[in-house]
Amino acid sequence: MNTEARPIVSTTAELRRSKCDRASFAAQPRLPIRVVLDRVTQAYNIGAMFRLCDAMLAERLVVTGVEVDLTKRNLGQAACGTQHWTPWSQAPSAVEAVLQAKAEGYQIAVVELASNSIAPEAFAPKFPLCLVLGGEFDGVSQAVVDLADAAIEIPMRGMANSLNISTAAAIVLYQMSRRAEPAGA
């Protein structure tokens, strides 16, 4: 018989107690990482990106090329409420959002399979960082890839050539967040 103590799963109430209140949360320093979505149109994927940007304390999520409706059911389900406290904005195009980030001194990295792509662990980010992820069907547009300082590729060892945007973003954003210092630290 196994006499080791079994792990106990934390309840939502226990998890909530370890968090600061929402007013304090809004004042917390965020990581110097801006996430730009290039032609991501599916509400569920946009909602998942809100949730991921919240989890990693990304400074801002920028949605381009689509009008965001926070009341869409799929967006709300995937975001789990994070759409209400994740800093975000919209831009007409990813090119405009990237050019603005470049003008503000951001290093631009696209998550895309390209001839010069490198693995996330090989990428040496310079902060502030603007991370661009592409749409469900066409990825990051060539115009944005042309503006990028680096291309990050997640090795695809199986038969598929891509991952869902939220999965790819989670892999890369986690790697980058581990290397970033909180703003003001």
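Reader: Before we start, what should I know about the model and its numbering?

Author: Residues are numbered from 1 along each chain as its sequence is written. Because the model is predicted, local features need pLDDT of at least 70 and side-chain atom pairs count only at pLDDT 80 or more, while totals for chains, interfaces and linings use all residues; side-chain values use heavy atoms, with hydrogens and water left out.

Reader: Happy with that. How is a pair of aromatic rings described?

Author: By the distance of the centres and the angle of the planes. Here, rings of Phe, Tyr and Trp (its six-membered ring) pair if their centres lie within 6.5 Å; planes under 30 degrees apart are stacked, over 60 edge-to-face, and the rest tilted. The count comes to 1 aromatic pair. Phe50 and Trp88 make up this edge-to-face pair, with 5.5 Å centre to centre and 80° between the planes.

Reader: Which elements hold Phe50 and Trp88?

Author: Phe50 lies in helix H3 (residues 43-55) and Trp88 in strand E3 (residues 88-91), so the pair ties together parts that are 38 residues apart in sequence. Helices (H or I, at least four residues) and strands (E, at least two) are DSSP runs, numbered from the N terminus.

Reader: Is Phe50 buried or exposed?

Author: Buried means under 20% relative accessible area, exposed over 50%, and partly exposed in between (1.4 Å probe, protein chains only). Phe50 is buried at 0%, and Trp88 is partly exposed at 24%.

Reader: Now the charges, please. How many salt bridges does the structure hold?

Author: A salt bridge is a side-chain nitrogen of Lys or Arg within 4 Å of a carboxyl oxygen of Asp or Glu. The structure holds 4. In one of them, the closest N and O atoms of Arg34 and Glu59 are 3.2 Å apart. Arg34 sits in strand E1 and Glu59 in strand E2 (residues 58-64), so this pair joins parts 25 residues apart in sequence. Arg34 counts as buried at 10% relative accessibility, whereas Glu59 is partly exposed at 21%. A salt-bridge network links Arg34, Glu59 and Glu104.

Reader: What else does Arg34 lie over?

Author: The face of Tyr106, at 4.3 Å from the ring centre. For a charge to sit over a ring, NZ of Lys or CZ of Arg must be within 6 Å of the ring centre and within 35 degrees of the ring normal.

Reader: Which residue forms a salt bridge with Lys102?

Author: Asp149, with the closest N and O atoms 3.4 Å apart. Lys102 is in helix H5 (residues 94-103) and Asp149 in the loop between helix H6 (142-147) and E6, 47 residues apart. Lys102 is partly exposed at 32%, and Asp149 is partly exposed at 45%.

Reader: And the cysteines: how many disulfides are there?

Author: The structure holds 0 disulfides, a disulfide being a pair of cysteine sulfur atoms within 2.5 Å. For Cys80, the nearest cysteine sulfur is that of Cys53, 14 Å away. For Cys130, the nearest is also that of Cys53, 11 Å away.

Reader: Last one: what does helix H7 pack against?

Author: The buried residues of H7, including Ile165, Val172 and Met176, pack against strand E1 (31-38), H3, strand E4 (107-111), strand E5 (129-134) and strand E6 (150-152). Contact here means heavy atoms within 4.5 Å.
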